[in-house]
2 protein chains.
Amino acid sequence: MVRNSLGRELPESFNGRQVVPYQDPYSLQPDCNQATRPLRRINPDQEKVLPNLREAIIAAGLKDGMCIATHHHLRNGDALLGAVVRELDALGLRDITIASSSIHPVHAELIPYIEKGVISGFECGVNGPIGEMVSRGELNCPIIVRTHGGRARAVMSGQVQIDAAFIAAPSCDSYGNMTGAFGPSACGSLGYAHTDARYAKKVIAVTDNLVPYPARSFAIQQTLVDYVVPVESLGDPSKIVSTTTRITRDPVGLQIAKYAAQVIETSGLLQDGFSFQTGSGGISLAVADQVRQKMQAGNIKGSFGCGGITGYFVDMLEEGLFQTLFDVQCFDLKAVESIGKNAGHQEISADMYANPFNAGAVVNQLDCVILGATEVDVNFNVNVNTESNGLLLHNTGGHSDTAAGAKLSIITAPSIRGRLPIVRDEVTTVTTPGATIDVIITERGIAVNEQHADLKQELQKRKLPVKDIRELQQEIYSVTGKPRPLEFTDDVVALIEYRDGSIIDAVRKIKT
Amino acid sequence: MVRNSLGRELPESFNGRQVVPYQDPYSLQPDCNQATRPLRRINPDQEKVLPNLREAIIAAGLKDGMCIATHHHLRNGDALLGAVVRELDALGLRDITIASSSIHPVHAELIPYIEKGVISGFECGVNGPIGEMVSRGELNCPIIVRTHGGRARAVMSGQVQIDAAFIAAPSCDSYGNMTGAFGPSACGSLGYAHTDARYAKKVIAVTDNLVPYPARSFAIQQTLVDYVVPVESLGDPSKIVSTTTRITRDPVGLQIAKYAAQVIETSGLLQDGFSFQTGSGGISLAVADQVRQKMQAGNIKGSFGCGGITGYFVDMLEEGLFQTLFDVQCFDLKAVESIGKNAGHQEISADMYANPFNAGAVVNQLDCVILGATEVDVNFNVNVNTESNGLLLHNTGGHSDTAAGAKLSIITAPSIRGRLPIVRDEVTTVTTPGATIDVIITERGIAVNEQHADLKQELQKRKLPVKDIRELQQEIYSVTGKPRPLEFTDDVVALIEYRDGSIIDAVRKIKT
């Protein structure tokens with residue numbers, strides 16, 4: 001066992017890989033070259049279209065022990081990963097690692113294939129039942145959870161070597177030019193798949209909408225694509241929306257949003273050139289709504305919105321409150337529609353969005369991000385991976401990336417969730433280090449990280465309910481009581497990788 | 001000495017590099033990995049803007065013997081390469097290789113720096129006086145001429161390692177997002193620079209138009225750019241136009257164009273989905289005009305035009321005769337204007353355009369290309385590099401790439417140029433192998449390569465003046481007389497590299 005700088009106990013290695021303990025958010029430097037792959041040649045008389053996934057798996061030369069990837073832009077509507085795994089099984093392949101950009105509850109369909117040994121590990125975070133079962137020790141399947149930027153880094157650095165990337169392509173021509181903007185399974189941005197297309201040993205475009213050459217626009221280009229496979233359907237785009245996309249009506253949420261908007265205003269960042277990211281939850285949208293009103297009132301012209309894009313941000317683009325949306329994934333169908341027609345709504349790769357190991361990601365230019373939490377602690381560390389029951393239920397997404405990049409990173413969360421206090425002595429799992437979190441906002445008050453004494457003072461001057469984080473914690477504990485500590489075994493079932501590749505925490509099997 | 005399959009005598013090595021003799025257009029397979037470079041990390045607090053080129057050269061760590069690159073989208077209006085070389089000299093650097101995408105007559109300003117030893121070689125073709133002086137033995141400076149696709153291949157394969165790429169960016173933000181579509185030095189596509197941005201060890205964006213972050217669109221993205229340098233001016237975009245952009249009025253040229261259009265029609269390719277490339281010369285545009293009229297008359301909807309794009313092709317896009325323009329460089333200011341506003345006018349990299357060693361370039365999908373020649377020979381080999389005086393005066397451009405890719409590659413040329421016959425026993429220099437040339441058209445007749453017996457028969461049926469190439473040659477010789485053979489020394493001053501990296505010919509110093 002080793003301890004990282006946050007005091008988290010880590011195994012020295014996991015699933016055969018040496019663990020690098022997390023030290024701090026910014027100092028770890030890359031010490032390797034960009035990943036590479038063999039150059040290939042496709043002559044004018046060669047075709048790329050194959051009749052089905054099975055032929056593509058064979059053509060790609062997939063073998064036992066190899067690694068595949070898909071992207072999660074169709075989120076809970078994705079049908080491709082399940083279809084690929086069924087074909088892997090049919091071909092008798094075993095011990096396959098999944099390095100997709102994320103796994104969703106729909107992928108519970110993979111569970112029998114994990115049990116059968118077709119799938120032996122996830123080089124990606126998982127949302128839903130697979131993580132829960134792994135946490136309970138009911139599935140033996142190591143998981144390495146990565147941020148969106150960290151995944152791009154892992155692929156670009158060769159840490160994760162994808163043998164075959166299967167890219168769901170809502171619109172694709174016979175030579176592999178593809179976009180997510182059009183077609184019956186349109187999902188908008190293909191941001192997570194860009195890196196796969198550049199670094200996977202073999203790249204297979206899978207489409208339910210084969211269009212004449214050339215596709216009218218392309219997010220991923222023909223030169224990167226080995227094979228094109230037409231299928232009946234990629235899935236159900238109506239299931240892209242997996243959380244609420246309406247502004248919360250809950251008074252607690254509205255109070256938090258109001259505080260958040262006041263903090264942003266107080267920070268001095270809300271001026272021409274303002275850049276902003278929120279998630280898609282009800283509180284996030286309520287903050288966006290407050291900010292939008294302040295921008296309209298002050299005639300403030302923002303520069304960009306980024307991250308997962310909602311229809312709400314599309315409205316702000318169309319109103320001229322943003323000049324650009326940098327879209328790594330569309331969170332709803334309004335965003336999908338916009339990306340195909342609005343030149344200011346620009347698709348970007350996860351590398352460009354959030355990779356710490358390139359010449360500067362978009363998150364580095366971000367003024368303010370609004371983030372959620374399942375728990376925070378008195379050192380401002382944030383957990384979004386496990387719930388307070390200790391179960392691994394959520395992927396990290398861009399949480400740690402944006403927190404590290406933004407000038408002002410704000411956590412918004414109700415002070416009590418499911419009768420449990422949001423502020424803990426220690427979070428169950430550290431997803432994002434407190435060093436990158438500036439403010440935590442609950443309906444009971446606002447805690448400002450020590451490094452921002454000026455902001456704290458200014459908020460106090462404006463009579464906002466600034467509280468010391470421990471004071472806020474005690475106030476919440478006085479209602480909820482002190483939560484009972486969780487009991488875990490020593491078995492590490494997952495690692496939480498920080499964006500730079502160091503390990504910020506380990507997830508252990510719960511005691512049952 | 002070795003001979004390649006075309007019988008051309010080559011040195012066994014040149015400038016320290018082993019020569020791979022050309023064998024045939026399609027069989028050489030890549031046997032290496034994609035080039036790589038160290039990963040880097042730029043944290044949120046780091047800036048990229050440097051005060052001037054000198055600081056950028058220092059920051060990039062350029063040393064004696066290293067290699068730099070620029071792109072040639074401003075063509076004869078480029079001011080950047082000269083400015084960089086002056087700074088290299090001022091810093092005392094010597095023995096620098098230039099691996100720009102092309103060199104133009106304006107770069108005669110480099111001659112004193114070649115003489116002084118600042119520049120010791122060109123890993124690219126040269127247009128104008130430098131090649132002439134090298135051919136005469138007046139400059140000692142080895143040159144390797146590459147096709148546009150071959151240059152992308154050379155950079156991607158690591159054959160050419162660029163230590164620092166200086167990219168003229170007509171519009172660029174402080175984090176390096178750049179486009180050529182806007183700004184006082186707008187040149188349109190930055191197609192040749194894309195590969196440099198991905199593979200050069202250091203990437204420096206140089207701009208005379210620094211815009212607020214984020215630039216409203218980007219052809220090359222921030223994650224690839226190390227430094228940004230503002231300068232007074234990148235050059236004079238009015239000099240992008242280096243040849244005529246008007247349809248020829250010369251009756252010889254018009255006759256050739258008419259034949260060419262009839263050959264295309266006869267080939268059966270001129271139907272919905274037709275794709276087409278021509279250059280910017282007067283005969284090329286006359287062919288385009290004929291084809292346009294036939295498309296209009298037949299209500300034919302083409303798929304794409306590609307290559308260097310002229311205003312003429314922009315008109316065809318706007319008329320709906322093409323659905324897409326794949327633009328690797330803009331040949332005139334009308335094309336520059338179009339690329340910034342027409343979504344169907346798409347910028348592509350030289351890699352996507354023409355690289356033989358990727359998963360399929362655009363040229364592989366091309367139906368028909370119209371190309372020029374300084375000479376052709378009875379084996380259909382084409383010379384565009386040297387003139388009939390033996391002087392190296394022209395770069396290859398996309399000539400060999402499109403000839404290899406297109407279903408129908410047509411050479412158009414007047415039968416006599418400067419009193420010299422266009423058809424020779426042997427071309428002075430082989431640029432493009434006859435195996436990839438389908439038809440040669442002069443005003444005196446049409447020669448069809450043997451491999452297209454069907455097309456030949458169909459042309460004869462339509463009463464077009466089809467002639468055996470030797471018959472055509474003799475007819476021209478009867479007017480011009482047999483040209484005197486040129487006299488060369490044994491000194492090889494340049495290599496003509498075929499697109500796959502093999503050497504198709506060598507250029508020798510002329511006897512003076």
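Analyst: Gly418(B) lies in the loop that joins strand E23 (416–417) to strand E24 (420–421) of chain B. Helices (H or I, at least four residues) and strands (E, at least two) are DSSP runs numbered from the N terminus. The model is predicted, so local features need pLDDT of at least 70 and side-chain atom pairs count only at pLDDT 80 or more, while totals for chains, interfaces and linings use all residues; side-chain values use heavy atoms, without hydrogens and water. Residues are numbered from 1 along each chain as its sequence is written, and chains are lettered from A and ligands numbered from 1 in the order in which they are written.

Gly418(B) counts as exposed because its relative accessibility is 66%; buried means under 20% relative accessible area, exposed over 50%, and partly exposed in between (1.4 Å probe, protein chains only).

H8(B) has 17 residues and reaches 24 Å from its first C-alpha to its last, close to the 24 Å expected at 1.5 Å a residue, where the expected span is 1.5 Å times one less than the number of residues. Its buried residues include Gly282(B), Ile283(B), Leu285(B), Asp289(B), Arg292(B) and Met295(B). The buried residues of H8(B) pack against helix H7 (251–267), strand E15 (276–277), helix H9 (311–318), strand E19 (368–371) and strand E22 (408–412) of chain B. Asn299(B), which follows H8(B), has a positive phi, near 50 degrees.

In chain A, Arg292(A) meets Glu319(A) in a salt bridge (2.3 Å, N to O), the term meaning a side-chain nitrogen of Lys or Arg within 4 Å of a carboxyl oxygen of Asp or Glu. Arg292(A) is in helix H8 (residues 282–298) of chain A and Glu319(A) in the loop between helix H9 (311–318) and strand E17 (324–330) of chain A, so the pair ties together parts that are 27 residues apart in sequence. Arg292(A) is buried, at 13% relative accessible area, whereas Glu319(A) is partly exposed at 35%. In chain B, Glu9(B) pairs with Arg3(B), their closest N and O atoms being 3.1 Å apart; Glu9(B) is partly exposed at 35% and Arg3(B) exposed at 56%. A network of salt bridges links Arg17(A), Glu123(A), Arg146(A), Arg153(A) and Glu497(A). Over all chains the count comes to 56 salt bridges.

Between chain B and chain A, that count is zero. Their contact (heavy atoms within 4.5 Å) takes 59 residues from chain B and 59 residues from chain A. The area buried between the chains is about 4,900 Å², of which carbon and sulfur atoms give 51%; buried area is the accessible area (1.4 Å probe) that two parts lose on being put together, summed over both. Leu39(B), Arg41(B) and Ala359(B) supply 18% of the area that chain B buries against chain A, more than any other three residues.
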